[in-house]
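Hello,

Here is the structure I promised to pass on to you. Please have a look at it first, and then read my notes below.

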Amino acid sequence: MLTIELFIIHKHVMGNEQKAIVPNERWMYNCFVHYNREYFDNSLPIPKFSTECDSSLWGSYAPEFFYDTNSRRVVDIRGNGTIKLNGMYKRTVDSWVLTLLHEMAHEYMFMVMKVYPENPHGREFEAIAKYIRRKSGGVWNITETTEKVSTDMKVRKRRQV
Ligand SMILES: [Zn+2]
């Protein structure tokens with residue numbers, strides 16, 4: 001089973017970076033497991049996965065917690081949240097991986113660092129982005145400004161949240 005899983009991950013993630021796909025929940029789970037090990041030391045709890053996403057976004061992370069407005073600390077986490085990728089669009093595998101890694105970085109801030117900064121793409125996010133960039137040898141750059149441009153004209157100028 002493990003061999004099959006690794007083969008699927010290899011086929012989807014390593015072998016077909018330029019192949020255009022519509023993401024599904026199984027693919028998201030396989031990639032999540034792979035990159036959780038690769039860049040997050042398996043620290044991320046498995047979230048729910050969904051392809052039903054705000055139509056203006058490539059992806060999003062919806063947490064399930066409350067936070068203390070005074071300390072700006074996350075309190076009372078009710079679940080691991082949901083990572084969403086927009087199932088209405090076909091993009092290259094590496095574009096989707098980039099979006100997934102971006103959302104995993106948001107999950108890391110909330111679920112592991114337990115911070116809820118005013119700017120969700122502030123210094124905490126930048127630190128994670130820098131780490132992934134360095135560890136991947138410059139392959140994955142998840143910051144907003146350098147997000148890879150999609151071939152899909154309809155949403156190419158819109159931002160991830
Ligand atoms: Zn974001």
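**What I found**

From the N terminus on, the elements of the protein follow the order α-β-α-β-β-β-β-α-α. That comes to four helices and five strands. Please keep in mind that this is a predicted model. Of the 161 residues, 31% count as buried. Among the contacts with a separation of 6 or more, 67% are between residues 24 or more positions apart.

I began with an open sheet of three strands, which has the order 2-4-3 and mixed pairing. Strand 2 and strand 3 stand at its edges with a single partner strand each, so one side of each has no neighbour in the sheet. On average, and with direction ignored, neighbouring strands here are turned by 25° against each other.

Strand 3 (residues 59–68) and strand 4 (residues 73–85) run antiparallel and are joined by eight bridges. Two pairs to look for are Ala62, opposite Thr82 in strand 4, and Tyr67, opposite Val74 in strand 4. The hairpin of strand 3 and strand 4 has four residues between the strands, and Arg72 in this hairpin takes a positive phi near 55°. On the other pairing, strand 2 and strand 4 run in the parallel sense, with three bridges between them. There, Ser50 stands opposite Lys84 in strand 4.

The loop between strand 2 (48–50) and strand 3 holds Ser55. Is Ser55 buried or exposed? A residue counts as exposed if 12 or fewer other C-beta atoms lie within 10 Å of its own; Ser55 has 11 within that distance, so Ser55 is exposed.

**The helices**

Helix 3 lies across strand 3 and strand 4, and runs at about 5° to strand 3.

Helix 4 (residues 123–135) has 13 residues. From its first C-alpha to its last, helix 4 reaches 18 Å, close to the 18 Å expected at 1.5 Å a residue. Which residues of helix 4 are buried? They are Phe125, Ile128, Ala129 and Ile132. Seen down the axis of helix 4, these buried residues fall within an arc of 100°, so they line one face of the helix.

What do the buried residues of helix 4 pack against? Their partners are helix 2 (25–39) and helix 3 (93–113). Arg123 and Arg134, on the other side of helix 4, are exposed. Just after helix 4 comes Gly137, which takes a positive phi of about 65°.

If you open the model, I would start with helix 4 and its buried residues, Phe125, Ile128, Ala129 and Ile132, and then turn to the sheet with its 2-4-3 order.

Best wishes

How values were computed. Residues are numbered from 1 along each chain as its sequence is written. This is a predicted model: local features need pLDDT of at least 70, side-chain atom pairs count only at pLDDT 80 or more; totals for chains, interfaces and linings use all residues. A residue is buried if 20 or more other C-beta atoms lie within 10 Å of its own, exposed if 12 or fewer, and partly exposed in between; C-beta atoms are placed from the backbone. Two residues are in contact if their C-beta atoms, placed from the backbone, lie within 7 Å. The expected span of a helix is 1.5 Å times one less than its number of residues. The arc is that of the directions from the helix axis to the C-beta atoms. Two strands pair if DSSP finds at least two bridges between them. Axes are lines fitted to C-alpha atoms, for helices over the stretch in contact, and angles run from 0 to 180 degrees between N-to-C directions.
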